[in-house]
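Thank you all for coming; I would like to walk through one structure with you this morning. Please keep the sequence and the model in view while I talk.

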Amino acid sequence: MPDPETGAERWLSIQDELLRSLAHTISNRLATISGMAGLLEGGEVPEARMLDGLRQAAERLEHALQQLRRLPRRPDAAPEPMLLADGLDAALELVGEHPLLRSRAVGREVVGDVLPVRAEPQAVVHAACVALLAAASRGPGALVVSLETVADRVYLRVRREGPADADLAVPEGEIDPAPLTDAGVLAWLLAASNGHAVAVPHGCGFSLPTLAAARRRGG
């Protein structure tokens with residue numbers, strides 16, 4: 001049974017990991033800008049290549065700061081109509097500099113018509129981050145994210161492709177605590193949106209009620 005308190009603690013640890021990744025990116029970009037500024041202060045005439053590098057560093061710095069603003073949970077947030085694909089796009093940007101995702105291919109499968117949902121957008125972004133990192137932590141290999149509407153719910157599932165990692169195997173007779181921990185943090189993040197954790201082999205996922213279903217329930 002998912003434990004919301006444990007889920008909250010797990011989200012804080014994930015948030016710390018993302019903060020460290022973003023801090024590393026910001027530090028690198030600032031170092032680049034500072035180095036180029038030093039050359040200009042020395043009276044060196046900037047080459048086009050130097051100016052392009054400075055512009056790119058500033059753009060990446062701005063992008064990292066945008067991701068940083070996505071991390072805190074908004075206490076006044078309320079469910080609203082949205083597309084899960086939009087939440088996934090934002091999550092992929094947010095975890096893009098995390099060591100588990102930095103050099104990993106992420107594919108996407110869209111099964112049929114994926115209907116809108118009614119959920120807290122920031123919570124959905126954070127839940128998608130959890131699912132991506134959970135699947136990535138299962139071992140090496142590309143990730144595949146699938147989006148699908150089944151009856152009155154929309155599912156986001158992330159699975160890992162590739163051979164099983166023997167070092168990550170759970171001894172026979174023991175319970176792998178990872179899925180329970182993932183379920184706890186997803187239950188905590190999506191509580192206000194009536195979200196459910198979903199078991200995925202070699203991965204993680206969640207579901208949310210469609211917008212129409214939420215309206216029928218008076219949500």
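Let me begin with a definition: two strands pair if DSSP finds at least two bridges between them, and helices (H or I, at least four residues) and strands (E, at least two) are DSSP runs, numbered from the N terminus. What you are looking at is a predicted model, in which local features need pLDDT of at least 70 and side-chain atom pairs count only at pLDDT 80 or more, whereas totals for chains, interfaces and linings use all residues. Residues are numbered from 1 along each chain as its sequence is written, and side-chain values use heavy atoms, with hydrogens and water left out.

With that in place, strand β2 (residues 106-111) runs parallel to strand β4 (residues 143-150), the two being joined by six bridges, and Val 111 stands opposite Glu 148 in β4. On to the next pairing: β4 and strand β5 (residues 153-160) run antiparallel and are joined by eight bridges, with Val 145 opposite Val 158 in β5. Two residues lie between the strands of this β4 and β5 hairpin, where Ala 151 takes a positive phi near 55°.

Now to the interior. A nonpolar core here is a set of buried Ala, Val, Leu, Ile, Met, Phe, Trp, Tyr and Cys residues joined through side-chain atoms within 4.5 Å, and buried means under 20% relative accessible area, exposed over 50%, and partly exposed in between, with a 1.4 Å probe and protein chains only. The largest such core has 44 residues, and Leu 84, Leu 156 and Phe 206 have the most contacts inside it. Its largest share, 13 residues, comes from helix α4 (residues 121-137). That helix is mostly covered, since 15 of its 17 residues are buried, and just after α4 Gly 139 takes a positive phi of about 145°.

Which residues does Leu 84 touch, not counting those up to four places away in sequence? Taking contact as heavy atoms within 4.5 Å, they are Val 117, Val 124, Leu 147, Val 154, Tyr 155, Leu 156, Phe 206 and Leu 208.

Finally, Glu 80 is found in strand β1 (residues 80-82), and at 40% relative accessibility Glu 80 counts as partly exposed. Leaving aside neighbours within four places in sequence, Glu 80 is in contact with Val 117, Arg 118, Ala 119 and Pro 121. Glu 80 and Ser 193 are 113 residues apart in sequence, and their C-alpha atoms are 9.1 Å apart in space.
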